[in-house]
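Biologist: Could you take me through the ligand site and the sheets of this model, giving the cut-off behind each term as you use it?

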Amino acid sequence: MSVPTMFAIPQKLLINLGLKSAENIFYHLSPEELIKQAVEKGEGVLSDTGALVVDTGEFTGRSPKDRFIVKDELTASTIDWNDFNIPIEEKYFDLLYHKMMDYLSDKKLWIRDCYACAVPDYRLNIRVINENACCSLFAYNMFLRPEEKELKEIEIDWHLIQVPHFFADPATDGTRQKNFAILNFTKKIILIGGTQYTGEMKKAIFSILNFILPHDKGVLSMHCSANVGKNGDTAVFFGLSGTGKTTLSADPNRKLIGDDEHGWNNNSVFNFEGGCYAKTIDLRIENEPEIFKAIRPGALVENVTFLEGTHTIDFSSKKITENTRVSYPLSFISNAMHPSIGNIPKNIFLLTADAYGILPPVSKLSPGQAMYQFISGYTARVAGTEEGVNEPKPVFSACFAGPFIPLHPAQYAKMFGQKMKENQVNVWMINTGWSGGPYGIGKRMKLSYTRAIITAALEGGLDNVEYESHPVFGMMMPKECLGVPAEILNPRNTWKDKNTYDEKAKELGLKFIKNFEKFAHQADAEILAAAPVVN
Ligand code: ATP
Ligand code: MN
């Protein structure tokens, strides 16, 4: 268990953390060392392109119902307690913390110091403590990496302790089940137990930043990807899971700022993270060359299977889960910005994967419509894989970030509205979902069309074309777009039965209206006027 001496972890900090022993600690191992250990320990195997492939076990996705925030003096009146921000008493946090430390006292530990936020003013130093090597590799890939010379002096702001094989006892520990993620804003500690899904780590850090930045620093935090064109024009892409943030931001003609979490302050858009966490289901080099080529030594691929008798990843297999993922440092994308800071956005894209096939592939939004859509945070999912069940299900997630925003959505929306207006940003809505009918009848929008639409919007190709407004949703749909068949731009044209389209559009409109009821009292006339018209 040799730890390079220059990286010896300061004892003082370990004692502060309450760990009983500093033996068996691997501090700041390089990716190469972590990968070697992970393979030796049987945590994973190498693919034929040299990526580390692991199974995350029982959990292959986040578990939002098991994400708690300690309710105490600091948080009682600041957090928007809801289905995602679930309170837990401090005594349970303390209990679990001590149990966890006992559990860890005779285990090997991987510790690394990382940070979040590319702009130094907001830098948050995080000490990540893991029970295994591959999870430390995830932290290396996804968070920002301090220079070696900084490590001796580094002052840690938050601790993230992730222990997949430690389980809570719901009968005594105040949790719902044996897995949990708990954020403690007073002690500045995050505890994750009972799950090895690494996305819990990144989204826990995202959640604390979604509190700290707007609440303490006046910075808008956003669930979005971002990239920059040759003229320094920044584009940001909001959207719920699976709508295309990561895919569409990896654009060979633009520099990548980041794929998932950003801040918008007075003069920039900046990444919180140091890496990407991309979906790999059906990944193909022709469609997503940048992501495909990132599957190489250093990348951590989760829950994929190999083609039989090989170490070639079968990206089409959903055998373990549909949510197969890869994490890699930003530098694996050939044209990543460094540092990941861009100008204030010129274009904002609200991405939705509308499985009802109602929303247009591209539309331009007025400021009122932009606010309405931002607050609504709409996408649709295809429900279950049960036989015969293929009804889409609407998802409304405020600010496209419901599970990750500890404050009331109105606080983010207000900042979003001010910034959008002050900077006269173009706001577009993009449906990366279904065309020609709902899921089961229509087809998912071709990725090449969506890419062409985004390029056109960014390069002014939609500035001087004719538009028509959508009869229910009101947004303006261009009648032509380079690289896209004109007949698909108005979704009604793609449906066989136009009457059914009209009917279904109204049905979806009603769902928006119903969802918006809870925000209506806080919205001004301009926003309310952007509601769908259903009669
Ligand atoms: P998460 O928040 O979970 O990371 P995300 O918004 O980053 O989600 P992506 O990882 O970009 O979502 O996933 C979009 C998926 O949809 C990819 O697998 C992509 O290949 C697929 N896809 C199919 N058609 C399109 C399209 N027209 N536009 C964008 N993505 C598409
Ligand atoms: Mn993503």
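**Ligand site and sheets**

Modeller: An oxygen atom of ligand 1 lies 2.5 Å from an N or O atom in the side chain of S241, a polar contact being a pair of N or O atoms within 3.5 Å, where within protein one must be able to donate a hydrogen and the other to accept it, and residues adjacent in sequence count only if both atoms are side-chain atoms. This is a predicted model, in which local features need pLDDT of at least 70 and side-chain atom pairs count only at pLDDT 80 or more, while totals for chains, interfaces and linings use all residues. Residues are numbered from 1 along each chain as its sequence is written, chains are lettered from A and ligands numbered from 1 in the order in which they are written, and side-chain values use heavy atoms, with hydrogens and water left out.

Biologist: How far is an oxygen atom of ligand 1 from a polar backbone atom of G242?

Modeller: The backbone of T243 also takes part, with an N or O atom 3.5 Å from an oxygen atom of ligand 1. For the polar backbone atom of G242, the distance to a ligand oxygen is 2.8 Å.

Biologist: What percentage of the area that ligand 1 exposes when taken alone does the protein bury?

Modeller: Accessible areas come from the Shrake-Rupley method with a 1.4 Å probe, and for residues only the protein chains shown count as cover. Taken alone, ligand 1 exposes 650 Å², and the share of this buried by the protein is 91%.

Biologist: Which element gives the largest share of the shell around ligand 1?

Modeller: Helices (H or I, at least four residues) and strands (E, at least two) are DSSP runs, numbered from the N terminus. Two or more shell residues come from each of α11 (447–458) and α7 (245–249). The largest share, three residues, belongs to α7.

Biologist: Which are the edge strands of the sheet of eight strands?

Modeller: The sheet is open, with mixed pairing and the order β1-β6-β7-β8-β10-β9-β4-β5, where two strands pair if DSSP finds at least two bridges between them. Pairing on one side only marks the edge strands, β1 (25–27) and β5 (86–89).

Biologist: What angle does helix α2 make with β2?

Modeller: The open sheet of five strands runs β2-β3-β17-β20-β16, and α2 (residues 31–40) packs on it, touching β2 and β3, with contact meaning heavy atoms within 4.5 Å. Axes are lines fitted to C-alpha atoms, for helices over the stretch in contact, and angles run from 0 to 180 degrees between N-to-C directions. The direction of α2 makes with that of β2 an angle of about 115°.
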